[in-house]
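Here's a quick briefing on charged side-chain pairs. Take a look at the model first, then read on.

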Amino acid sequence: MKSTERHRLKQNEFARSVAHARDTLERHRRDIIAAVTLVVVALAAVGGYLWWRSSRNAVANELVAGALAVYEAPVVPIAPPAPGSPAPVPQPGTYTTEEAKLQAALPKFLEAADRYPNTDAGVAARYHAAAILAQLGRFAEAEQRYQEVVSRAGDRIYARTARLGMADSQVAQGKYDSAITIYTELSRDTASQLPVDSVLMQLGRACAQAGRTEEAVRAFDRIVKEYPQSVYLTDARRELEEARKS
């Protein structure tokens with residue numbers, strides 16, 4: 001076969017292939033357009049969700065930052081004015097008492113927690129709100145907020161620290177049995193990031209207050225034997241002796 005004929009046959013074959021491809025595209029145009037449209041819509045949805053989540057997290061972080069600014073503001077008491085002098089004005093960005101500062105920070109944390117409950121910032125805000133309620137002596141409310149943190153925090157560290165705060169709030173209300181259960185579980189959690197000696201100290205004290213002397217002795221004794229470098233060692237030894245005498 002001559003080279004010109006071979007070339008013509010190749011051209012014809014290529015032309016047939018192009019024509020076949022064109023016919024196939026024409027027959028499946030609607031399906032192809034639909035598939036491409038679905039891909040574009042899906043990409044747009046994913047991009048929209050990521051943008052929304054980023055925007056939401058940014059606003060939540062901003063709210064928590066504002067609350068922390070109040071929570072960490074300095075406390076500067078105002079001295080009584082001299083006779084005949086006008087009342088002194090508080091310095092900008094300060095509070096005259098610790099309670100006034102906590103009362104100002106609390107609603108800010110609660111706003112962030114309620115508006116963005118499942119974000120990291122929202123969980124942190126709820127934890128801070130619970131801690132403030134405990135500082136203000138509102139232990140029943142603190143316990144409830146700590147429980148909400150536990151429910152929302154998943155495996156984040158806030159879940160464990162909130163359980164600890166919840167137990168502390170229960171002790172303050174005289175709910176010793178439930179508090180002791182929490183302390184005991186936390187003291188046995190080998191994966192916990194909480195300092196076990198601190199948990200054992202709180203466990204021992206809760207048991208002592210509840211009249212569960214043998215359990216108090218075991219908790220304090222663990223600190224003495226297992227944590228000789230603990231900052232609680234001196235207190236643990238003293239309270240261990242007191243528990244043994246009671």
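What follows is a short tour of the salt bridges.

This is a predicted model, where local features need pLDDT of at least 70 and side-chain atom pairs count only at pLDDT 80 or more, while totals for chains, interfaces and linings use all residues. Residues are numbered from 1 along each chain as its sequence is written, and side-chain values use heavy atoms, with hydrogens and water left out. In all, the structure holds 21 salt bridges (a side-chain nitrogen of Lys or Arg within 4 Å of a carboxyl oxygen of Asp or Glu).

**Across the sequence**
- Aspartate 120 pairs with arginine 156, with the closest N and O atoms 2.1 Å apart.
- Aspartate 120 sits in helix α4 (residues 120-135) and arginine 156 in the loop between α5 (139-153) and α6 (157-172), so this bridge ties together parts 36 residues apart in sequence. Helices here are DSSP runs (H or I, at least four residues), numbered from the N terminus.
- Aspartate 120 is exposed at 54% relative accessible area, while arginine 156 is partly exposed at 25%. Exposed means over 50%, buried under 20%, and partly exposed in between (1.4 Å probe, protein chains only).

**Within helix α10**
- Arginine 244 and glutamate 241 form a salt bridge at 3.4 Å, N to O.
- Those two are three residues apart in helix α10 (residues 233-245), so about one helical turn separates them.
- Both are partly exposed: arginine 244 has 47% relative accessible area and glutamate 241 has 38%.

- Salt bridges with shared partners link Arg205, Asp235, Arg238, Glu239 and Glu242 into one network.
- Glutamate 239 and arginine 238 meet at 3.6 Å, N to O.
- Glutamate 239 is buried at 12%, whereas arginine 238 is partly exposed at 41%.
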